[in-house]
Every structure is written in structure tokens, then in C-alpha cells.
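Colleague: I'm new to this one. Can you walk me through it?

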Amino acid sequence: MSTADWKVHFVGTGSLISHPFRALPATLVNAGDFHYLFDCGDGTVTRLRTIDKIGVDVVVVTAIGTSELSGILNLAEVHRRSQRSRLPIAGPTGLKEALE
């Protein structure tokens, strides 16, 4: 696969204060048929639906904070219902404890 097969979508670039037309941090990288989501702030699921990219293969969390995590429960539930599987999530040390 060449880098020509990769596409980057800036799903959310907003700040901590929510806005109806912006979502908190989330970047979707389509590498061929595999979809990486970097961070999952509030509003990510809604924004993914608007670009018709709701299928995510793995979420990579870059930092443990509300900006990066506030939409993850929503996305995990959508993934569980549509894919009938758990959503793989990777991130820094302490992420598991932060999500519990």
C-alpha cells in the first residue's frame, strides 16, 4: 500500500467548549481499508456520520483528558451495536484506569 491510498479527515478540531458546528479533537486516518481514529472528543460520532465514516477499526488516544476521551463511550456503543464487537482502543499508560 502506498501513501497515496491514505486519507486524513480532521473530524474535530474544536476547543473544550462545545459548539454546534465543531467537535472536540478527532482525526480519522484511512489507510487503505483500515481506519484509525486518533482521539475521540465530544461530537465525534455525529461528525463521523456527516462524512459517512462511522466504521472505525481502532481508536488511538494521544493523551488522557476530556478533550481526547469525551466521545469514546458513544463511539464504543455505536461500534458494539453495528459491528457486534468491542472497539479496540490504544493509548498511553493509565488509559485503562481513566476509562474505568
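**The largest pocket**

Modeller: Ile72, Leu73, Ala76, Glu77, Arg80, Ser85, Arg86, Leu87, Ile89 and Leu99 line the largest pocket. A pocket is an open set of points on a 1 Å grid where a 1.4 Å probe fits, with protein on both sides within 12 Å along at least five of seven lines; lining residues have an atom within 4 Å of a point. This is a predicted model: local features need pLDDT of at least 70, side-chain atom pairs count only at 80 or more, and totals for chains, interfaces and linings use all residues. Residues are numbered from 1 along each chain, and side-chain values use heavy atoms, without hydrogens or water.

Colleague: Which helix gives the most to that lining?

Modeller: Helix α3, residues 72–83, with 5 residues. Helices here are DSSP runs of H or I, at least four residues; strands are runs of E, at least two.

Colleague: And what is the volume of the pocket?

Modeller: About 210 Å³, counted as the space filled by probe spheres set on the points.

Colleague: New topic. How many helices and strands are there?

Modeller: The protein has 4 helices and 5 strands. Along the sequence they run β-β-β-α-β-α-α-β-α.

Colleague: What about the radius of gyration?

Modeller: It is 13 Å over C-alpha atoms. That agrees with a compact globule of 100 residues, because such a globule would be near 13 Å. The rule is 2.2 Å times the number of residues to the power 0.38.

Colleague: What share of the residues is buried?

Modeller: Buried residues, those under 20% relative accessible area with a 1.4 Å probe and protein chains only, make up 31% of the 100.

Methods. Buried means under 20% relative accessible area, exposed over 50%, partly exposed in between (1.4 Å probe, protein chains only).
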